[in-house]
Amino acid sequence: MIQTKDLYVRFSDGSGIRYDDLCFENGQSCAMIGASGCGKSTFLNLLAGVLSPTEGCVEIDGENASAWSQRRRDAYRIRHIGFIFQDFKLLEAMTVADNINLLRLEGVDTSGMDDLLDRLGILRLKKRRVQRLSGGEKQRVAIARALIKRPSVILADEPTGNLNFETGEAVVRQLIENAGGGTLIAVTHDDRLVPRFDRAIDMNAVAHFCEAEEVKRHA
Amino acid sequence: MLRFALKHMATRRAKLMMTALSVVITAAVALLAYNISTQVSEGIVNTAAKFDIIIGPSGSATQLAMNTMFFTDKPLGTIPYDLVEELNASGLVSAAIPFSMGDSYNAAPVVGTDARLLEGKALKRGEMFDAPMEAVVGWAVASQYGLQPGDSLVTTHGLSSDGAAHAESPLTVTGVLARTDTAYDNAVFTPVSTIWALHEHGHEHGEDGHDEHDDHDDHEADEHDEHGHAGEGSICAVLVRSTGFDAYSKLMSAYGSRSEYLIINPNTVLREVMDNVDLSRRIVYLLCGVILVMNLFVVSVIALLSLYDARREIALMRLIGISMGRINRLYLIQNALTGAIAMALALGLSRLCLLAMRGFVAGMGIVLNAWRVYPKEWLILLAVFLLSVAPTLIATARMAGRDSVDGRS
């Protein structure tokens, strides 16, 4: 189970976002919707431990993950979290296979790569450089990299952003199927996909943006 | 890890090649400047200092020193061989060795002397010359022309290879000197009587007017006297080892006052030459310094550009959970491989340049050993290597401990 408590993050420009407490049960799929810039991606970054909260914490199975050392957060992320980034975060000059095999540096077993790529319909692109792929193809590579380690938590930031509705729906279905009992938290802008998830959260109501002056006043 | 590092390097090959090329040039220039100046200085010191007095015909002290110590430059002229006997009979010298030069073998000088000039020099093959028309050849000459004891060699008149050949009077090689990395490697040694015999013979033919000397008759007849082609009973100089300081002073006083002779202490002249070499070395170092600074600037710019890419890639790898330790190792392997290849190429390039410069420096009487690597050269390589890889290593080290993302995304 993942639970957030009094999460607040301040940015370098002095502004910040405070989040209401949220809880995500194991095996649950959740869609997060909301206007651009309302703090959806930041929330995912906080859950993944790639960004430290200024206040509050993220608890994973009852443990305060925000207090973990960076090494432990890295280890947890590489083993248990599959993160699909909005801008893919792929090594553009390397091949699809290299991008997935990158995880082997941390001992992740990538032997199921061919099967996974085949299920995502991009096996033929395995040896192609990422920079030569279309946006949709890159998105599937990012999904494959996140799923190859069979994570217990999948965090997906606009995983269907570059896909048409039909393909996007298929990808969401695959994500839910491949979550395999794990937790899936996905940011999406497409309301039509929301029914596919167990639960939907409107981030406009959960994330509270504070301007720099406002933060100073409260301080 | 290594396989991934190699694949990752392949994606950045253009930048890595540019970095490596700049590092190669920087390191090679530094190595070359250090190696060549050190070998030249060592060559000068090792070649001289065997004798405390050199007596020759009046003229330039530097020319006399360069001619007798490094077998370069033309002899000043001739002096009578009787002077050798006079010095040996004086009781003031432990050795008075005749020195004569003017002929060559494929541009390598033929030195007329006696076996004592080669004392302390080991023979690689064969034995010392013992009679006229026998010769011991230096290591480089023997290597270049495949000379072995028992072989014959035909000398030519003058110090360039286009002089008239003494074809009718070949010398027999009796021995080959071991490598010395001095001017001795590039010379042929023979009894002084050989030189007399060759020129007596040569003159006879010249007078008959039937051989290849014909074209040179007038011109060379002048050169014989002017440039020290020693005829019977004459030599170009005497190399002297005095019996002690008292004897040295007496000899300097006795022969210094005779206007037909020039008497020098080779160590004194050597110091002057070394001063000039030091000045040249400082100029070379200065020029190399400028090149080094320019190349280090280029390396820094390329490193900064690579750093920009590296930061993006490192941030990306951090986001998916690759630990900073692994990332450091990944870049360390790549930097080490690039650096090691660049260092090897720099070492190779500097040796090739040394080989190319051998001929030029040989003209100064110094034989460069292109394969000689001084301990300080490893330090130079290490310093350039560290300078080239430091920026990336510092950047990766600085990224450790930071959040993988900053700000709202």
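Which strands of chain A does helix H6 (residues 165-179) lie across? In this predicted model, where local features need pLDDT of at least 70, side-chain atom pairs count only at pLDDT 80 or more, and totals for chains, interfaces and linings use all residues, the helix lies across strand E4 (29-33), E8 and strand E9 (183-187) of chain A, and runs at about 155° to E9(A). Residues are numbered from 1 along each chain as its sequence is written, while chains are lettered from A and ligands numbered from 1 in the order in which they are written.

Chain A has eight helices and eleven strands; helices (H or I, at least four residues) and strands (E, at least two) are DSSP runs, numbered from the N terminus. With a contact taken as two C-beta atoms, placed from the backbone, within 7 Å, 74% of the chain A contacts between residues at least 6 apart in sequence join residues at least 24 apart.

An open sheet in chain A has five strands in the order E7-E8-E9-E4-E10, with parallel pairing; strands pair if DSSP finds at least two bridges between them. Strand E7 (81-84) and strand E10 (199-202) of chain A form the edges, each pairing on one side only. On average, neighbouring strands are turned by 15° against each other, direction ignored. Axes here are lines fitted to C-alpha atoms, for helices over the stretch in contact, and angles run from 0 to 180 degrees between N-to-C directions. Four bridges join E7(A) to strand E8 (residues 153-157) of chain A in the parallel sense, and Ile84(A) has Ala156(A) as its bridge partner in E8(A). Helix H5 (residues 135-147) of chain A packs on the sheet, touching E7 and E8 of chain A, with its direction at about 170° to that of E7(A).

The loop between E8 and H6 of chain A holds Leu163(A). This residue is partly exposed, because 19 other C-beta atoms lie within 10 Å. Leaving out residues up to four places away in sequence, Leu163(A) touches Gly136(A), Gln139(A), Gly168(A) and Val171(A). Its C-alpha atom is separated by 8.1 Å from that of Gly135(A), 28 residues apart along the chain.

Turning to the interface, 25 residues of chain A are in contact with 20 residues of chain B. Helix H1 (40-48), helix H2 (70-80) and helix H3 (96-101) of chain A each supply at least two residues of the chain A side, and the largest share, five residues, comes from H2(A). By class, this side has eleven nonpolar, eight polar and six charged residues; Ala, Val, Leu, Ile, Met, Phe, Trp, Tyr, Cys and Pro count as nonpolar, Asp, Glu, Lys and Arg as charged, and the others, Gly among them, as polar.

A nonpolar core is a set of buried Ala, Val, Leu, Ile, Met, Phe, Trp, Tyr and Cys residues joined through C-beta atoms within 7 Å. The largest has 89 residues, of which Ala27(B), Ile54(B), Val188(B), Val238(B) and Val240(B) touch the most other members. Its largest share, 15 residues, comes from helix H2 (residues 13-47) of chain B. A second, separate core of 74 residues includes Leu155(A), Ala186(A), Val206(A) and Ala310(B).

How values were computed:
Buried ≥ 20, exposed ≤ 12 C-beta atoms within 10 Å, placed from the backbone.
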